[in-house]
Amino acid sequence: MSSITEIKVPDIGDFKEVDVIEILVKPGDSVAKEASLITVESDKATMEIPSPAAGLVKELKVKLGDKVGEGSMILLLETSEGESPAAQPAGSAAIPAPSAATPAAAPAPAPAPATLPIHRPAPVPLEPVGDVSAFKPHASPSVRKFARELAVDLSKVQGSGPKGRITQEDVQAFVKRVMTQAPAPAAAAPGGAPFNLPEWPQVDFGKFGPVELKPLSRIKKLSGANLHRNWISIPHVTQFDEADITDLEVFRRESGAASEKQGFKLTMLAFMIKACITALRQYPEFNASLERGGENLVLKKYFHIGVAVDTPDGLVVPVIRDADRKGVYDLARELAEVSKLARDRKLKPGDMQGGTFSISSLGGIGGTAFTPIINAPEVAILGVSRSVMRPVWMGAKGEAGQFVPRLMLPLSLSYDHRVIDGASAARFTSYLASVLSDIRRSLL
Ligand code: CAO
């Protein structure tokens, strides 16, 4: 048999009258024991009133904005036998509810409240908001719980309630916005939650031999975090190719004297930038970014080329702006200037922003190929390794061929496979190689 229990506001400590600011249940709801029914607020604290028993909400006796105090009726709860609250707040009463066998008009007599064991429940735990409001967002405990369950940081949520109070709807809207804004495939990666990896090994290296601790530079820490994010959240593929730069190298050496006189070197990198712009014009999806949400590609009509510079403190990527409007001498001069600024730690944050495509040249150092990490939100980066003179088989179809010494430049193009297909990447590097083997193409 079921009975109807009057659920009343229990002892709420020092508070005589508090406002009902949230009603967390409605008639017809099944509630578990200890489930929150309403939230009340004084000028110092908010608190949730829990249900002393499991049951079905029959009727609400409060509405938003009501003032309540200890003993005020909250609702009528239908409880089944054995579920009636063992511990009732003073004045709460359980009366048998009409059952199928008992006509509603003739309810069985209610047991006298005095016959119920009366325990005064401990005061409802308070969650102070007044004096810590400078540090905590304004939200009721139920909204905080809701936010906690969804791992939402309430300090990032804009409250739409009175005095900026964050409501459950605000949290829902926040989650919706985050879910629709994050690039779809990347959404799962940052934060590491979906990666069920074993813990990083904790090793006492000193046990095996002498060691020395060297703190990472600020640049390394900053760039490391970005590189890690880009590496795990962008599906990278690297396309390798090589360009015959034999003629370009002759031209570079011939033209280099003029720049030397002006105090800067005309290195291959200036020509690389020029050739890349020609290829980017031909394949615009490489000069683009994936819009947040992953729905659209933002094709950029400007060409700001990032150049990775190795500094004693770590890697930085200053950006050569509007590189398409500059000649190779200007580019070479600017490269010398920005790499000096980078190594002197004099770059400003703005000097490293707005890039549309990056080049990482290790050619001056060595190596045959490598897999550069894309500089998000760009979608591709070109790695350049050391050029080598080697025999290349030359000969048109049907003619006797021969090995000819050619200066070959290794290219490693990493691209975001969400945006760029393997075939496009192979076309891009082939085209780039053809431009580098005959730089006149960049004039076309
Ligand atoms: N093949 C052979 N030699 C090359 C070359 C190549 N691809 N590229 C440059 N060189 C030569 C230059 O001609 C120069 O030779 P000389 O000293 O005889 O004149 C020498 O190597 C040094 O060049 P440089 O490094 O001073 O100039 P640069 O324009 O090639 O590069 C810069 C400038 C700033 C990009 C470079 O100094 C640098 O920092 N590179 C490292 C970038 C990096 O760390 N990338 C890794 C990032 S991880 O993704």
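This is a predicted model: local features need pLDDT of at least 70, side-chain atom pairs count only at pLDDT 80 or more; totals for chains, interfaces and linings use all residues.

Biologist: Fine. Leaving aside its neighbours within four places in sequence, what is T278 in contact with?

Modeller: Four residues: Y431, V435, R441 and S442.

Biologist: And where is T278 found? Is T278 buried or exposed?

Modeller: T278 is in helix α5. The residue is buried, because its relative accessible area is 10% and the cut-off for buried is under 20%.

Biologist: How many residues of α5 are buried?

Modeller: 12 of the 15, so the helix is largely enclosed by the rest of the structure. Among the buried ones are M268, F271, M272, C276 and L280.

Biologist: What does α5 reach from its first C-alpha to its last?

Modeller: 21 Å, close to the 21 Å expected at 1.5 Å a residue.

Biologist: Switching to the largest nonpolar core. Which residues touch the most other members?

Modeller: M272, F357 and L436, out of 48 residues in that core. Elements giving two or more residues include α5, α6 (328-343), β21 (402-416) and α7 (422-437). The largest share, 11 residues, comes from α5.

Biologist: What is L436 in contact with, leaving aside neighbours within four places in sequence?

Modeller: A243, D244, I245, L248, F271, M272, A275, L409 and L411. There is also another core, apart from the largest one, with 20 residues. V40, M47, V62 and V68 are among them.

Biologist: Now aromatics. How many aromatic pairs does the structure hold?

Modeller: Seven. One of them is F251 with F271, edge-to-face, at 6.0 Å centre to centre and 70 degrees between the planes. That pair links distant parts of the chain: F251 is in helix α4 (residues 246-261) and F271 is in α5, 20 residues apart.

Biologist: Why does F271 count as buried, and why does F251 count as partly exposed?

Modeller: F271 counts as buried because its relative accessibility is 2%. F251 is at 39%, so it counts as partly exposed.

Biologist: What about the rings of W393 and F403?

Modeller: Their centres are 4.8 Å apart and their planes are at 70 degrees, so that pair is edge-to-face too. W393 is in strand β20 (residues 388-394) and F403 in β21, so the pair ties together parts 10 residues apart in sequence. W393 is exposed, at 53% relative accessible area. F403 counts as exposed as well, at 54%.

Biologist: Which residues form one aromatic cluster?

Modeller: Y283, F286, F357, F428 and Y431.

Terms used. Residues are numbered from 1 along each chain as its sequence is written. Side-chain values use heavy atoms; hydrogens and water are left out. A nonpolar core is a set of buried Ala, Val, Leu, Ile, Met, Phe, Trp, Tyr and Cys residues joined through side-chain atoms within 4.5 Å. Buried means under 20% relative accessible area, exposed over 50%, partly exposed in between (1.4 Å probe, protein chains only). Helices (H or I, at least four residues) and strands (E, at least two) are DSSP runs, numbered from the N terminus. Contact means heavy atoms within 4.5 Å. The expected span of a helix is 1.5 Å times one less than its number of residues. Rings of Phe, Tyr and Trp (its six-membered ring) pair if their centres lie within 6.5 Å; planes under 30 degrees apart count as stacked, over 60 as edge-to-face and the rest as tilted.
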